[in-house]
Amino acid sequence: MQLLSNYLKHHDTDLELVELIDTLMIACKEIALQLREGALAGILGTTSDTNVQGETQKKLDVISNDVLKKVLLDNPLVRGLASEEEDDPVFGNPNGRFLVTFDPLDGSSNIDINVSVGTIFSILEAPKDVTEEGVEMFLQAGRKQVASGYVLYGPSAVLALTTGHGVNMFTLAHTGDFLLTRENVRIPEETKEFAINMSNHRFWEPSMRNYVDDLLKGAEGPRGKNYNMRWIASMVAEVHRVLTRGGIFTYPWDAREPAKPGKLRLMYEGNPMSLLIEQAGGISSTCYSDILDIQPDHIHQRVSVALGSRKEVETLLQYHCDC
Ligand code: AHM
Ligand code: MG
């Protein structure tokens, strides 16, 4: 089985990018260790703080964020980083080549119940024409990502990674190495599995309600087959399922906070996951346009997300178009 860095080098990955991914994995291994200790290390539970999104922070949100920040800022390749748990971007080496955005611990409402969580990351080139330190340099469309991925902390810790040439998965071995366990992941085009938080049904747009209602009608309805539903409340785990056996995952706009496009964040969740999904042959959309084409105007911008098996997402998009 091949080591992560050897695999990347043998596939002509830019050596500085390999070094940065290795740095990210140092942080993720530390987070995996902390998670494993759980209650033994007194790290479960909530802090007294809220993050910039107004959400209560778990102790492990803060710990994971601090680990990533420290390890990344020690690497001179890092020009700056932006995190779901930081109000503003943090800057590193003024001559650094890369920007990193991340959700340090996605699905953190699941920590205390010992369900899978994960770290999601996105890597961009620092623009050469923007010298002033500020959010502007981060505001690049998702198509400009040079790499993205996540580490899922489940029964095993698994890295799903794309550098723009397909998606590969690496499992953390007891030696502390990430080893290749799945190459060139492809998402099945069709599925009978959907994931959505059904409790928000009454807040959705009519088009989303119509689509899900038709899924629920099963073999007797217009879709002509019975569907199964899953909701883990951990996007990392849901996307891992979609990459592994297909499916559709959606967190759409809803009327609870009508001014916001959705719950999930473009720079820390939407863009990195969309690159993985597209690179594995799936579709990732707001229901109206490809997520990767959105030009961000805010670092903590939200986005409506629908991603997964190509034919199923195409059907969902049909429900949202006037044609
Ligand atoms: P988080 O980044 O604060 O953990 O929030 C994002 C998570 C996603 O992982 C998941 O899909 C969603 O929130 C679950 O939301 P809900 O609580 O509505 O089920
Ligand atoms: Mg998240």
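How far is an oxygen atom of ligand 1 from an N or O atom in the side chain of Asp103? I started there, keeping in mind that this is a predicted model. I got 3.1 Å for that pair, which is inside the 3.5 Å limit for a polar contact.

The side chain of Trp231 has an N or O atom 2.9 Å from a ligand 1 oxygen. Arg265 also turned up, with a polar side-chain atom 3.2 Å from an oxygen of ligand 1. I then checked the cover: on its own the ligand has 470 Å² of accessible area, and the protein covers 85% of that.

Then I looked up the site. Ligand 1 sits in the largest pocket. Strands S5 (98-106), S13 (248-251) and S14 (264-265) are the elements that each give two or more residues to the shell.

I went through the shell itself last. I noted 17 residues around ligand 1, with Asp106, Gly107, Trp231, Met235 and Tyr251 the closest. By type, I have seven charged, six nonpolar and four polar residues. Both domain 1 (4-182) and domain 2 (193-319) contribute, at least three residues from each.

Note on methods. Residues numbered from 1 in each chain as written. Chains lettered and ligands numbered in written order. Predicted model: local features only at pLDDT ≥ 70, side-chain atom pairs only at ≥ 80, totals over all residues. Heavy atoms only, no water. Near = heavy atom within 4 Å. Polar contact = N/O pair within 3.5 Å; in protein donor to acceptor, adjacent residues only side chain to side chain. Areas by Shrake-Rupley, 256 points an atom, 1.4 Å probe, with all protein chains shown as cover. 1 Å grid on protein atoms, 1.4 Å probe; cavity = no way out; pocket = protein on both sides within 12 Å on 5 of 7 lines; lining within 4 Å. Sits in = over half its atoms within 2 Å of the grid points. Helix = DSSP H or I, 4+ residues; strand = E, 2+ residues; numbered from the N terminus. Nonpolar A, V, L, I, M, F, W, Y, C, P; charged D, E, K, R; others polar. Domains from an automatic or database assignment.
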